[in-house]
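Colleague: I've just opened this one and I'd like a hand with reading it. Could you take me through it feature by feature?

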Amino acid sequence: MTGVLRSALLTGAAGGLGRVFALRLAAEGRRVVATDRAAPDVTVSAVRAAGGDAVALAADLADPAAVRRLASEAGPCEILVNNAADLTHVPLAELGLVAWQHVVAVNVTAPLLLAQALAPGMAERRFGRIVNVVSNTVWSVPGPAFVAYVASKGALLGLTRALAVELGGHGITVNALAPGLTRTAAAERDLAPEMFDAVAAQQATGETLVPDDLAGALAFLTSDEAGAITGQALRVDGGLVTL
């Protein structure tokens, strides 16, 4: 952490992972602009209660116009964390075009538009950190019905690498953070309890991930010290994928 006040735009801030990310960014001295489909007031209240600086904004990331408004309302930000995701998983035969387009809009197009809007300011200040949250399912598809989700996260990984090359000469790094299955309220709601044990059994560590396991990795990738690391994917999955 440095004495320089930097602002971080964090999408998907209302969820369990987003809340932990917001708290960690604030603990690192960042002003957090937290956004979700509805203003993430609970997350912002938690940050402020911990002594941090945060504001809440609402945006529908499936709407390009709303994404551009979000970037304008957020103001200059040196850090962008694209954490929001459409987690749709349905069998191929049931995957409609509208659902596919929504997944791509949220998971790929919105990160592109936000990077496009914020990169000029980052370049002007010769400092930028963009972190795209992808998934270890890009390397290890867990089963059927993940076509839209895995394809979109694979596209986001490709976008990460291309942006790293394009923006690297301006003091901007672009990396991907690839979590494994993480115990959040949403995951516990959507998955059978035995799923966590089954995944943990395949991991080198043998332990189910929790959001705090990812926060340190995010703090490092957004730090001043990470300036020579770009175009990389950091998998935090307990060693499930060891490629």
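**Helices, sheet and cores**

Modeller: Let's begin with a helix that spans several strands. H4 lies across S1, S4, S5 and S6, and it runs at about 170° to S4. Keep in mind that this is a predicted model.

Colleague: Fine. How are the strands ordered in the sheet?

Modeller: In general, the strands of a sheet pair through backbone hydrogen bonds, either parallel or antiparallel. Here seven strands make an open sheet, and the order is S3-S2-S1-S4-S5-S6-S7, with parallel pairing.

Colleague: Which strands stand at the edges?

Modeller: Strand S3 (53-58) and S7 do; each has a single partner strand, so one side of each is left without a neighbour in the sheet.

Colleague: Let me zoom in on S1. How many bridges join S1 to S2?

Modeller: Six bridges link S1 to strand S2 (residues 30-36), and the two run parallel. Look for Leu9, which stands opposite Val33 in S2. S1 (residues 6-11) also pairs with S4 in the parallel sense, over three bridges. There, Leu10 sits opposite Val81 in S4.

Colleague: And is S1 covered or open?

Modeller: Mostly covered: six of its six residues are buried. To read a strand, follow which way its residues point. Arg6, Ala8 and Leu10 point one way from S1, while Ser7, Leu9 and Thr11 point the other way, and all are buried.

Colleague: Now the nonpolar cores. Which residues touch the most other members of the largest one?

Modeller: Leu9, Leu61, Leu80 and Ile130 do, in a core of 32 residues. Helix H3 (64-74), helix H4 (97-125), helix H5 (147-167) and strand S6 (172-179) each supply at least two of its residues. H4 gives the most, with eight.

Colleague: Pick one of those residues. What does Leu61 touch?

Modeller: Leaving out residues up to four places away in sequence, Leu61 touches Thr11, Val67, Leu70, Ala84, Ala105, Val106 and Ala110. There's also a second, separate core of 23 residues, with Val32, Val81, Leu177 and Leu221 among them.

Colleague: Back to helices. How do I read a helix pair, say H4 and H5?

Modeller: Check the distance between the axes, then the angle. The axes of H4 and H5 come within 8 Å and cross at roughly 15°. An angle under 35 degrees counts as roughly parallel, so H4 is roughly parallel to H5. The contact includes Trp100, Val103 and Leu112 of H4, and Tyr149, Leu156 and Leu163 of H5. H4 passes H5 in a right-handed crossing.

Colleague: And at what angle do H1 and H8 cross?

Modeller: Roughly 45°, with the axes coming within 9 Å. H1 and H8 are therefore oblique to each other. This crossing is right-handed. Leu17, Val20, Phe21, Arg24 and Leu25 in H1 meet Asp212, Leu214, Ala215, Gly216, Leu218 and Ala219 in H8.

Colleague: Which residues of H8 are buried?

Modeller: In helix H8 (residues 212-221) they are Leu214, Ala215, Ala217, Leu218, Ala219 and Leu221.

Colleague: What do those buried residues pack against?

Modeller: They pack against helix H1 (16-27), strand S4 (79-82), strand S5 (128-133), S6 and strand S7 (233-236).

Definitions and conventions:
Residues are numbered from 1 along each chain as its sequence is written. This is a predicted model: local features need pLDDT of at least 70, side-chain atom pairs count only at pLDDT 80 or more; totals for chains, interfaces and linings use all residues. Side-chain values use heavy atoms; hydrogens and water are left out. A nonpolar core is a set of buried Ala, Val, Leu, Ile, Met, Phe, Trp, Tyr and Cys residues joined through side-chain atoms within 4.5 Å. Buried means under 20% relative accessible area, exposed over 50%, partly exposed in between (1.4 Å probe, protein chains only). Helices (H or I, at least four residues) and strands (E, at least two) are DSSP runs, numbered from the N terminus. Contact means heavy atoms within 4.5 Å. Two strands pair if DSSP finds at least two bridges between them. Axes are lines fitted to C-alpha atoms, for helices over the stretch in contact, and angles run from 0 to 180 degrees between N-to-C directions. Angles under 35 degrees count as roughly parallel, over 145 as roughly antiparallel, 65 to 115 as roughly perpendicular and the rest as oblique. A crossing is left-handed if the near helix is turned anticlockwise from the far one by less than a right angle, and right-handed if clockwise.
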